[in-house]
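Please open your viewer, switch to a cartoon view, and follow along stop by stop.

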Amino acid sequence: MLLRHTSTEVMERQAVTINPAKTCQPVGAMYAALGIHGCLPHSHGSQGCCSYHRTVLTRHFKEPVMAATSSFTEGSAVFGGQSNLVQAISTIFTVYNPDIVAVHTTCLSETIGDDVKQIISAAGDEGKIPEGKKVIYTNTPSYVGSHITGYSNMLNSIVGQLAVKGPRKDQVNVLCGWMEPSDMREIKSILKEFHVKGVVLPDVSDVLDTPLTGKHDIFPKGGTTLPEIASMGSSKHTLALGQWGAEAAAITLDSKCKVPFTTLQIPIGIEATDNFVAELSRVTGVPVPESLKAERGRLLDMIADMNQYLYNKKVALWGDPDTLIPLVKFLRDINLVPTHIVSGTPGPTFKETISSIVPLANVKNGAQADMFLLHQWIKNEKVDLLIGNTYGKYIARDEDTPLLRHGFPILDRVGHSYFPSVGYKGAMRIVEKILGLLMDRQDRDAPESKVELTM
Ligand code: SF4
């Protein structure tokens, strides 16, 4: 028993987090920045932070993640990191020649109080930023929030520093909350079904799911281009997918460029996808394509056919709020029973929102909503299925409960970056995976006389 010290007695804690259900802000900032074409993320702090952020992203996507660092030493920690960052900007453009450098801070540079905006401006004054190239920045102090906060901060900075107000264009913006490259690809595919012009930001498809060609490109062909991001200020509407990850950027775009927006949930499951598709139809004036209606019908058919295997099975979930809210709603809709739910990301409305969907569930978010608490809840009320990232595999093993890997990070399986979980197609994949786990378990536990060939 790897987690044999987890007790069943739940105590109120304030000063300690045990196995957090989140990671640190710069991971999110780095991920969002990778969704810009030709971008080199830059970590303003020590090498250790940057190595960790790159490593966790590389392990999740099984792709090399490029990023630079200000390489703080003891001297920078005492006297500030200005000279390191100015030198770094100069070296990056000389050696790697990206279109844009996206700087994020770390705990250390935030604690010593480096003014990154002023440093970048000084680098510009010293002629270190070549003509036509961009350097943007965001603040990501990791002692507050989570990777989702960092992601939101970077997305907000991208539109705040790069979008330009202009004459209205017949295009819509889609600001993606934290989702996989496969999900962003699926969002683009839905836009294509509608035949509407859209700018999807960030877009890590063809950045973190690139084909094997035998040739390594530091800057792969994917990512939202700088002209596309600039043009977001001229779009007629913005759809922000995720209150935690994308809404702040939509608000900034609205106040800066007067682009109205709608905040929606990430389209996971039937209701959230229906809302996305309906809103896209409303703002573009294009009727919902028959192809999407057919996809929805196939999803409903699959759920109806297999309902007896799903009915009343209890589920424990952990992950990010923008993902958990629509996922919990979807599980409830297909007759599963979300029973325990934690998210390490803080935010005042999470508990209230989840409780309005599943009033009887145990719900907590913020620093003490950790994997230890989740395990304690599971020990007190067993579940049939776990849904969350790889960090749940110890609970799955100790409690002998099937685990559906979903969310970030997934360090021990593949597929998440290639197959979407958004849209009707994504919902079918979620149902398929849940059914596979539950039916495998039924096969494993059935006495020989009850093993069924046809299920
Ligand atoms: S020091 Fe801060 S920024 Fe660096 S890895 Fe740790 S939590 Fe993240």
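How many helices and strands does the chain have? There are 17 helices and 13 strands, where helices (H or I, at least four residues) and strands (E, at least two) are DSSP runs, numbered from the N terminus. What you see is a predicted model: local features need pLDDT of at least 70, side-chain atom pairs count only at pLDDT 80 or more, and totals for chains, interfaces and linings use all residues. Residues are numbered from 1 along each chain as its sequence is written.

**Whole chain**

Start zoomed out. The radius of gyration of the chain is 23 Å, close to the 23 Å from the globule rule for 455 residues, so the chain is as compact as a globular protein of that length. That radius is taken over C-alpha atoms, and the rule is 2.2 Å times the number of residues to the power 0.38. Along the principal axes, the C-alpha atoms fill a box of roughly 80 × 55 × 45 Å. Of the 455 residues, 49% count as buried, meaning that 20 or more other C-beta atoms, placed from the backbone, lie within 10 Å of the residue's own.

**Strand β1**

Now select residues 39–44, which form strand β1. Six of its six residues are buried, so β1 is largely enclosed by the rest of the structure. Show the side chains: Cys-39, Pro-41 and Ser-43 point one way, while Leu-40, His-42 and His-44 point the other way.

**The sheet around β1**

Which strands lie in the open sheet, and in what order? Four strands line up as β2-β1-β3-β4, with parallel pairing; two strands pair if DSSP finds at least two bridges between them. The edge strands are β2 and β4 (134–138), each pairing on one side only.

Select these pairs in turn:

- β1 with β3 (residues 100–105): six bridges, parallel; His-42 has Val-103 as its bridge partner in β3.
- β1 with β2 (residues 68–69): two bridges, parallel; Ser-43 has Thr-69 as its bridge partner in β2.
- β3 with β4: five bridges, parallel; Ala-102 has Ile-136 as its bridge partner in β4.

**The ligand**

Last stop: select the ligand. Around it are Cys-24, Pro-26, Cys-49, Tyr-52, Thr-106, Cys-107 and Ser-142, where a residue counts as near if its C-beta atom, placed from the backbone, lies within 6 Å. This shell divides into five nonpolar, two polar and no charged residues.

Technical notes. Buried ≥ 20, exposed ≤ 12 C-beta atoms within 10 Å, placed from the backbone. Nonpolar A, V, L, I, M, F, W, Y, C, P; charged D, E, K, R; others polar.
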